[in-house]
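We will go from one selection to the next.

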Amino acid sequence: MSWGTELWDQFDNLEKHTQWGIDILEKYIKFVKERTEIEINYAKQLRNLSKKYQPKRNSKEEEEYKYTSCKAFISTLNEMNDYAGQHEVISENMTSQIIVELTRYVQELKQERKSHFHDGRKAQQHIETCWKQLESSKRRFERDCKEADRAQQYFEKMDADINVTKADVEKARQQAQLRHQMAEDSKADYSSTLQKFNHEQHEHYYTHIPNIFQKIQEMEERRIVRIGESMKTYAEVDRQVIPIIGKCLDGIAKAAESIDQKNDSQLVIEAYKSGFEPPGDIEFEDYTQPMKRTISETSLSNSRGDSKTELKFASKSKGKLWPFIKKNKGAGPEDFSNLPPEQRRKKLQQKVDELNKEIQKEMDQRDAITKMKDVYLKNPQMGDPGSLDHKLIEVGQNIEKLRLEVQKFEAWLTEVEGRLPVRGEQARRQSGMYEAQTTLSVNNCAQDRESPDGSYTEEQSQENELKMMATDFDDEFDDEEPLPTIGTCKALYTFEGQNEGTISIAEGEILYVIEEDKGDGWTRIRRNEDEEGYVPTSYVEVYLDKNAKGAMTYI
């Protein structure tokens, strides 16, 4: 089966058919290209979907993902991200292995097809030229034969006419001979041209055209094989990612199996446990006796009579973050005293751990700078050791500041851990009321009282005592009378007051002292009427006015 023998006369149809084959190949390339675009868009949408539902960093939502069900959901989102990556792999492999290769092959195919059909047209033009030569030789032979016949007839006519001179007859005879010779020459030329044409025609239809058509046939068959191989590659590219996609789906299934409802229930307990115990039984109050009624320690509500003073002053200090500054509506107290004991303990422990990590980082940095300084001392050409002194001082100040913060939070933590609820105290914790009946009893038992926000501090009890002794108008106003100035101070170092109640100072700055250090390592200062707060005593040099009255200590 050969196109050269079977389709020797179908040159035009073969030209159309091969062009159709190239069009089919280009159509398949376009199909694969659109498939890769679909895969890319699908992968992009999957990635955006996974990113959309990922928890935001440093947000409350991120804390909620400690539950196993939420962790499984995060694993699902991560697996979907990997799943999207496999679709990107499909797109990349199809582009490199099919689209790029077929596009290059199409260009080569067009050039080869053009070359073959150019040779075919050249062969056709050659045979047509031979045919024209044969026709020309044939017409010339025919014309010369007719001319020879007319010349012979004219000679015979002149020879039969007695009136014609002998010279005219001789002339006619010579002309007839010449025409006859020309006819013979034309016959010989026609015969030679005919033989040549027959040979060229045989070569054309049995050698040249079959060879050209055979090459075209081979070209077309290679195109068909190539498109078949591309279709196999198309399927293989998909098949290659199936194991990885299967692993992604297995990962989702494994994450679902890791969900532990009991563990999640325990996490809920740890997250919301207050540390209080349920209230005890309410004592019987005998109204038949003339004696004065007392308030039950375990009652969930207080009477409106004897406890009016306690309620009044409790509401006064409720929500106070620091007793020496204005109320900050947007933030909670630094010591987390607004939280229940168990939650407060967890928050304080978390804060201590964070500060310890920061201290460790600063210590590592100090060690690194110290080592570098030793290297500079041994090898002065590498650098100036004195250039690191300022950095060492700065790191040392940071460590000292962080240690003060740790001591402060550890003190609060120790206080909370040492005052976990016992059976006789939960009613007071639950209600947020004081247990005292008179101001005198409050003064004598300040360390045993509970603050309205659920924490037990002697300092806050003293502050509430002072408030009760001062005035009742604080129920309506949050502002307090400013403390008098008892001296001045100079900032030895820069301090960034990032915590509630502290104030930032710059090295060399002169400020007013309104409360000296009471042994806790903090001095209270004022910059102007609106800016006051606490700074570490080691950061300032204090000059107290001997004639000034000492300010009251609130913490």
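One cut-off first: a residue is buried under 20% relative accessible area, exposed over 50%, and partly exposed in between. Keep in mind that this is a predicted model.

**Whole chain.** Select the protein chain. Twelve helices and five strands are there. Of its 555 residues, 34% count as buried. The accessible surface comes to about 35000 Å². Carbon and sulfur atoms hold 51% of that surface. Now think about contacts with a separation of 6 or more: in the protein chain, 72% of them join residues 24 or more positions apart.

**Helix H5.** Select residues 166–257 next. This is helix H5, and tyrosine 205 sits in it. Tyrosine 190 has its place in helix H5 too.

**Tyrosine 190.** Center on this residue. Which residues does tyrosine 190 touch, leaving out those up to four places away in sequence? Show Leu134, Ser137, Lys138 and Phe141: these are its contacts.

**Tyrosine 205.** Move along helix H5 to tyrosine 205. Is tyrosine 205 buried, partly exposed or exposed? Its relative accessibility is 30%, so tyrosine 205 counts as partly exposed. That value falls between the 20% and 50% limits.

**Surface patch.** Finish by selecting Trp8, Tyr205 and Tyr206 together and turning on the surface. These residues form a nonpolar patch there. Together, Trp8, Tyr205 and Tyr206 have about 360 Å² of accessible area.

Terms used:
Residues numbered from 1 in each chain as written. Predicted model: local features only at pLDDT ≥ 70, side-chain atom pairs only at ≥ 80, totals over all residues. Heavy atoms only, no water. Patch = residues over 30% accessible without salt bridge, like charges linked within 9 Å, V, L, I, M, F, W, Y side chains within 5 Å. Areas by Shrake-Rupley, 256 points an atom, 1.4 Å probe, with all protein chains shown as cover. Salt bridge = Lys/Arg side-chain N within 4 Å of Asp/Glu carboxyl O. Helix = DSSP H or I, 4+ residues; strand = E, 2+ residues; numbered from the N terminus. Buried < 20%, exposed > 50% of the residue type's maximum accessible area, 1.4 Å probe, protein only. Contact = heavy atoms within 4.5 Å.
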